[in-house]
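Biologist: I would like to go through this model term by term and hear what stands behind each label. Please set the values against the cut-offs as we go.

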Amino acid sequence: MNLWLTLAVNSIALGGLLFLLSAGFSLIFGLMRIPNLMHGSFFMLGAYFGVTFLDRGMNFWLAAIASGFAMALIGAMVERFFLKRLSGQELPQVLLTLGFSFIIADLCLLIWTGDPWQPTTPAHLRGAVQAAGMFFPIYRLVIVGVAVVIAIALWLMVDWTRLGAMIRAGVDDAPIARMVGIKVSQLFTLIFALGAALAAFGGVMGAPYLSVYPGLDAEMLPLALIVVILGGTGSLLGALVGSFLIGFLYNFGQALFPDLAYVILFLPMVLVLVLRPQGLFGKVVP
Amino acid sequence: MSLRSPRFAALAISILLLLTLPAWVGNPYYINIASQILFWAVVALALNVLVGYAGLVSLGHAGLFGMAGYTAGLLLQAGHGHLVADIAAIVATLLTSAIFAILSLRSTGIGFLMITLALGQILWGIAYRWASLTNGDNGVNITTRPEFLGINLANASAFYYATLVVFGLAVISMAVFVRSPFGASVRGTRDQARRMNALGYNVWLIRFMAFLISGFWTGVAGLLFVYYNQFISPQVMALQTSAEVLLMVISGGTGTLLGPVVGAAIVVIMKNVVSAYIERWNLVLGVIFVAIISFMPEGLVPGTARLWRYGWHRLTSRKPSAGDKPGDRAQ
Amino acid sequence: MTIERRTVLKGMLGTTALIAAPAVLRAQGAPFKIGLLTVKTGPLAQGGIQMEQGIAAFLKEKNGTLGGRKIELIVADTGGNPAGAKTKAQEVVERDNVNVILGPLAAFELLAITDYVREKQTPLISLAAAEDVTQRKANPFVIRPSATSAQTCHVMGDYAAKDMKYKRAATISEDFAFGYEQMAGFQRAFEDNGGKVVKKLWPPLVTPDYTPYIAQIGNVDCVFNGFAGSNPVKFMRAYADLGVKSKVPLLAGWTAMDDALLRSLGDEAVGVLSAAWYSADFESPSNKRFVAAMQKDYNVLPGGYSAGMYVAGQCVEAAIAKLGSKADDRKALADELHNVSLIDTPRGPVKFDKYGNVIGDVFIRKCERKDGKLVNTVIKRYPNVSQFWTYDETAFLAAPVYARDVPPAKNLE
């Protein structure tokens, strides 16, 4: 097996998955300024929903979308009934989202037990690409494709629709947006639900490859954080580039410098925060 | 506070209870739980210096805590004495705190939180993956607890008293800090950073010093932790620990002396005592946090005080003052 | 699953909570207390939950009474980390005053509490594999009816070299004590029989994606993996997805192909060879009862985690029966546990060496699909395997304990 080529392709594949995970996080963080520490839980819970739907014989894509919808509903409720009352208060938001992440993790353990769940790769996506001495599963490349499609869809939404204009206004300056008549409150609920749905969708997409197990939430949350900090909060392009960057750092770091794998992963985050706090593609918030 | 005030009475009773705890608790298991509450309370108090008084939310304190524990553990394992190991541990923690502070104080708010989180994760990553240095997941065992003034701390009560002394010193130093001009200037940088700057205060330096104080007590607590468990492993430095300590501070009430102690007690009791009776203790802990935030966003201690005042006013004057209604936020 | 965690096993596994005063417990006829240190939260919870099921199945079979004594089972969740193991060991010893501890699950947990149980003179029946606890630092209060980390891996190394005629191997396992010791055992037996271990890979316990490691597996005849918890599921899928499985056969330690994991696995596991000290399809009377009970009560195929606790229960029963009223003496119980010798257990005959480690059978199994279900079929049985394998005990103990680089891998490429 060609090590370098495999690592490179896998970096891109992991990047695709990371984008699905962190696009929603970036929107929530950028627009609402909420450090949503339950984002990893959304990913995990979504994946559990997905494997349950698949277990009942549902079509793979349908399961992923259904899981996204279910999570959107949950996200919207959490936002409406809990987070809404805490707008602008970072500390209580941190506590609340952490509290919910405890609750979700324990509920998942209760419902889905400690067993790992790994759905089979959908039949039409099995197989592998063989090229230049490399053997690479098609499914992971499909994830990249899906990530790109979602990235384009999100970009179209943010840049070309009325909703997107409202989001942009909200990211840039929420008080002004409110003054010009944008219903920021409803917008926030919508974005939070969308972010939750994207994470859940990503969770289902990732399940045949990462599997779902207790602790997946805590593994994914820091990755989402790094991606968004690197790329810049609220910037979709940033989340996309950040995802692929972290994909590369993760793969090559683990293979080349296993002792320092996590230093390699987190050091860029520190550097960006210190040298360019708005992230690589973020706008300077006045 | 006057000698006849209820606060003084409460304080005197608490001190008495703490001093006699091993006698009325009896079972060494519960004495050990009390020791755990005390050293976690020290970490929570330390974090509170930043979170409560300086308005800087750190999610990297587990890294500092582990730094002290690992330095001491590795030096003891290498055959050095307790004094050398302990001093080295505190120095290492202070140096690490200084680096943390220099990097993270370029930012405030969420930026500060994120930088400390990332720095904490780097230290965790080293403890976790640099196996040739830190023994990785297997952790570091230390065989003995130190002797303190000729008293062997191996016994649960002896260790409890040692921890109580440290805890007492920490509380006193925090009380002094809060009332000192320096404490006032730290609060000033939280509430009115620009004005402080204009008044000629070096805001950065004040925050830096606050970080060092916080780091110092975190390191001390880290030492207590490693002596208590006689063991340290990377899980201690994980984000989970930083989050738990932050939860202690916020749930108890930031910017108060009692709050972090109450928060530490809740978390330690949930994790160790309640978990023996309720399998889903993580769920209960999560629900408690969500409930605290929903009903007492300022934390348990200020929240209870507010309800108390509210009830008191209702009883005495039947005319509550506007600021004391539940639902109004403290400050 | 019941919410009550302190359960007295009365009759048919009743769930009456009991919080008795310590004075009452010492009285004649008081229940004999077993403290189970297990993992019910986090990545290792999969095995930990089975440990509880295993001992519960045994106690139910015995109507909650062992050797005439009522048994009280106290379950403590360590969270799967060493500090948690220490706290919970203190809980069951100092608060609940248990007669014997069962568990813990992981080697790094056992290493964190071995000195403690010695100091508190509380017998412990370990599932965890940390070698030195029954070797250079043998603890008179610990017995281990499961296996040391390397006990089954010596066998696998021998089998791979002699029976499979593999020459070049790569090893991959978690970067912690259990992984080190497993891989060391495999390497030693494999290389002593003419094989060469040319690559050793150490991903961390928490690894979302194994591709960076699998991609480094070069030109070898076989890969030996020693993953634990839920990691084998992830690893084997990636191994197959990356096309390595069709070229390089996969060998596994007992945790990596545990029978209880089979329902989480798919075609990627077919053909994998594993060495284990327990196999669900082993035909002994007690194993048939055990497997049937586990399927009836929990609808699972039991694996080593639950079987280990069942056997531990049998050891306790034998010791109580022998000691009678002296069973409350912790030291006597620890000594008697070392003398236990059982003919019929789910894993075959069990006896202990003077260090408290089991001498028992090791099975080589091949994963197959039968009637649509995955099973580990036993293809070879090595009887009475000792933790020292075929090596001289004195020389074995004079050498340093197995570690990441012990014995040194001289053939790395």
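Biologist: How many residues does the contact take from chain A and from chain C?

Modeller: This is a predicted model, and in it the contact takes 30 residues from chain A and 31 residues from chain C. A residue is counted because it has heavy atoms within 4.5 Å of the other side.

Biologist: What is the area buried between chain A and chain C?

Modeller: The two bury about 2800 Å² between them, and 56% of that is on carbon and sulfur atoms. The figure is summed over both parts, so it is not the loss of one chain alone.

Biologist: Why is the pair C:Asp209 and A:Arg140 called a salt bridge?

Modeller: The N to O distance between the side chains of C:Asp209 and A:Arg140 is 3.7 Å. The rule asks for a side-chain nitrogen of Lys or Arg within 4 Å of a carboxyl oxygen of Asp or Glu, so the pair qualifies. The count between chain A and chain C is 1 salt bridge. Polar contacts across this interface come to 10 residue pairs, both residues being at pLDDT 80 or more.

Biologist: Which elements of chain A supply at least two residues each to the side that touches chain C?

Modeller: They are helix H1 (3-32), helix H4 (90-112), strand E2 (134-137), helix H8 (184-210) and helix H10 (236-256) of chain A. By class, this side of chain A has 17 nonpolar, 9 polar and 4 charged residues.

Biologist: Now chain B and chain A. How many residues does each give to the contact?

Modeller: Chain B gives 44 residues and chain A gives 37 residues. Between them chain B and chain A bury about 3700 Å², with 78% of it on carbon and sulfur atoms.

Biologist: What makes B:Arg280 and A:Asp106 a salt bridge?

Modeller: Their side chains meet at 3.2 Å, N to O. The cut-off is 4 Å, and Arg and Asp are among the residue types named in the rule, so the label applies. Across the interface of chain B and chain A the rule finds 1 salt bridge. The count of residue pairs in polar contact there is 5, with both at pLDDT 80 or more.

Biologist: Which element gives the largest share of the side of chain B that touches chain A?

Modeller: H5(B) does, with 16 residues. By class, that side of chain B has 29 nonpolar, 11 polar and 4 charged residues.

Biologist: Why is B:Ser58 called buried?

Modeller: The relative accessible area of B:Ser58 is 1%. Buried means under 20%, so B:Ser58 falls in that class. B:Ser58 sits in the loop between helix H2 (28-54) and helix H3 (61-77) of chain B. Leaving aside neighbours within four places in sequence, B:Ser58 is in contact with B:Leu47, B:Leu50, B:Val51, B:Phe112, B:Thr116 and B:Leu246. A polar atom of the B:Ser58 side chain also lies 3.1 Å from the backbone nitrogen of B:Gly60.

Biologist: Is C:Lys322 buried or exposed, and how do you know?

Modeller: C:Lys322 is exposed, with a relative accessible area of 61%. The label follows because exposed means over 50%. C:Lys322 is in helix H10 of chain C. C:Lys322 and C:Glu336 are 14 residues apart in sequence, and their C-alpha atoms are 7.9 Å apart.

Biologist: What are the domains of chain C?

Modeller: The domain assignment gives domain 1 (6-147 + 282-356) and domain 2 (151-276 + 362-398). Their C-alpha centres lie 27 Å apart. In the contact, 27 residues of domain 1 of chain C meet 24 residues of domain 2 of chain C. The area buried between these domains is about 2300 Å², and carbon and sulfur atoms give 59% of it.

Methods:
Residues are numbered from 1 along each chain as its sequence is written. Chains are lettered from A and ligands numbered from 1 in the order in which they are written. This is a predicted model: local features need pLDDT of at least 70, side-chain atom pairs count only at pLDDT 80 or more; totals for chains, interfaces and linings use all residues. Side-chain values use heavy atoms; hydrogens and water are left out. Buried area is the accessible area (1.4 Å probe) that two parts lose on being put together, summed over both. A polar contact is a pair of N or O atoms within 3.5 Å; within protein, one must be able to donate a hydrogen and the other to accept it, and residues adjacent in sequence count only if both atoms are side-chain atoms. Helices (H or I, at least four residues) and strands (E, at least two) are DSSP runs, numbered from the N terminus. Ala, Val, Leu, Ile, Met, Phe, Trp, Tyr, Cys and Pro count as nonpolar, Asp, Glu, Lys and Arg as charged, and the others, Gly among them, as polar. Domain bounds come from an automatic or database domain assignment. Buried means under 20% relative accessible area, exposed over 50%, partly exposed in between (1.4 Å probe, protein chains only).
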